[in-house]
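Let's take a walk through this model together, beginning with a charged side chain and moving on to the strands, the cores and the open space. Please keep the sequence and the 3D view side by side as you read.

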Amino acid sequence: MHVVVCGALVGNGAVLLVHRSPTRRAYPDLWDLPGGHVEAGESELQALAREMHEELGVHIVAESSSRLGDLHAGSGEDAVHVGVWQVRDWVGSPTNRAPDEHDDIAWVGISELGGLPLVNGALPALLRSLPEPDRLAPRDEARTTASPTGP
């Protein structure tokens with residue numbers, strides 16, 4: 001079983017998504033949360049911090065991160081366990097630092113997720129389960145956005 005971790009950078013009712021390149025072997029041309037495989041000897045939180053830095057150039061504030069849930073895909077040798085984490089605070093402005101993996105990143109309103117082609121259809125319900133204050137949290141000075149229209 002493959003163990004993967006992904007992070008939901010959430011603020012002002014929006015979440016940052018990455019668009020998987022159409023040339024990707026697994027789940028091409030779909031929107032997803034940023035993340036990747038947990039390497040040997042890493043905890044999920046360590047892998048999350050590494051992946052967020054590698055893919056987006058941000059440093060997550062570990063104390064602001066909490067496990068949101070688990071998703072599963074595939075079976076047998078192709079089975080994937082995905083730990084989904086909510087990240088409330090980070091340092092840096094998210095940019096696409098993995099253009100070979102993702103051809104776009106975008107802030108998407110949580111209420112708009114159902115209209116997108118997503119890697120996992122359970123993602124909108126998982127993010128809508130966040131308490132309202134977490135979904136609409138005021139901007140923290142430690143956070144910066146990917147675009148002027150971001151959270």
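Glu54 has a relative accessible area of 40%, so this residue counts as partly exposed; the classes used here are buried for under 20% relative accessible area, exposed for over 50%, and partly exposed in between, with a 1.4 Å probe and protein chains only. The side chain of Glu54 meets that of Arg50 in a salt bridge, at 3.3 Å from N to O. A salt bridge here is a side-chain nitrogen of Lys or Arg within 4 Å of a carboxyl oxygen of Asp or Glu. Because Glu54 and Arg50 are four residues apart in helix H1 (residues 44-56), about one helical turn separates them. Helices (H or I, at least four residues) and strands (E, at least two) are DSSP runs, numbered from the N terminus.

A word on the model itself: it is predicted, so local features need pLDDT of at least 70 and side-chain atom pairs count only at pLDDT 80 or more, while totals for chains, interfaces and linings use all residues. Residues are numbered from 1 along each chain as its sequence is written, and side-chain values use heavy atoms, with hydrogens and water left out.

Back at Arg50, the relative accessibility is 18%, so Arg50 counts as buried. Arg50 also forms a salt bridge with Glu51, at 3.0 Å from N to O, and both of these residues are buried. The network of salt bridges here links Glu39, Glu42, Arg50, Glu51 and Glu54.

How many salt bridges does a search of the whole structure find? There are seven. One of them joins Arg24 to Glu101, with the closest N and O atoms 3.9 Å apart. This pair links distant parts of the chain, 77 residues apart: Arg24 sits in the loop between E2 and strand E3 (31-32), and Glu101 in the loop between strand E8 (90-91) and strand E9 (102-109). Arg24 is partly exposed at 24% relative accessibility, and Glu101 is partly exposed with 27%.

Strand E9 also holds His102, which is buried with a relative accessible area of 3%. Leaving aside residues up to four places away in sequence, His102 touches Val18, His19, Arg20, Ser21, Arg24, Glu55 and Asn96; a contact means heavy atoms within 4.5 Å.

Now step back to the whole chain. The secondary structure comes to three helices and nine strands, following the pattern β-β-β-β-α-β-β-β-β-β-α-α along the sequence. Of the 151 residues, 48% are buried. Among contacts between residues at least 6 apart in sequence, 67% join residues at least 24 apart.

Two strands pair if DSSP finds at least two bridges between them. E1 and E7 run parallel, joined by eight bridges, and Cys6 has Val84 of E7 as its bridge partner. With strand E4 (residues 35-37), E1 pairs in the antiparallel sense over three bridges, and there Val5 stands opposite Gly36. E1 and E2 are also antiparallel, paired over two bridges, with Gly11 partnered by Ala14 in E2. The hairpin of E1 and E2 has two residues between the strands, and Asn12 takes a positive phi near 55°. Eight of the 10 residues of E1 are buried, so this strand is largely enclosed by the rest of the structure.

Which residues touch the most other members of the largest nonpolar core? They are Val15, Leu17, Leu33, Val82, Val84, Leu113 and Leu127, out of 21 residues in that core. Two or more residues each come from strand E1 (2-11), strand E2 (14-20), strand E6 (65-73), strand E7 (80-87) and helix H2 (123-128). E1 gives the most, with four residues. Apart from this core lies another, of 16 residues, among them Val18, Val58, Val87 and Trp107. A nonpolar core is a set of buried Ala, Val, Leu, Ile, Met, Phe, Trp, Tyr and Cys residues joined through side-chain atoms within 4.5 Å.

Finally, look for the open space. The largest pocket holds about 760 Å³, and of its 31 lining residues, Val4, Arg20, Ala26, Tyr27 and His37 are the closest to its centre. E1, E2, E4, H1, E6 and E7 each supply at least two residues of the lining, and the largest share, four residues, comes from E1. On a 1 Å grid over the protein atoms alone, a pocket is an open set of points where a 1.4 Å probe fits, with protein on both sides within 12 Å along at least five of seven lines; lining residues have an atom within 4 Å of a point. Grid points are joined across faces, edges and corners, and the volume is the space filled by probe spheres set on the points.
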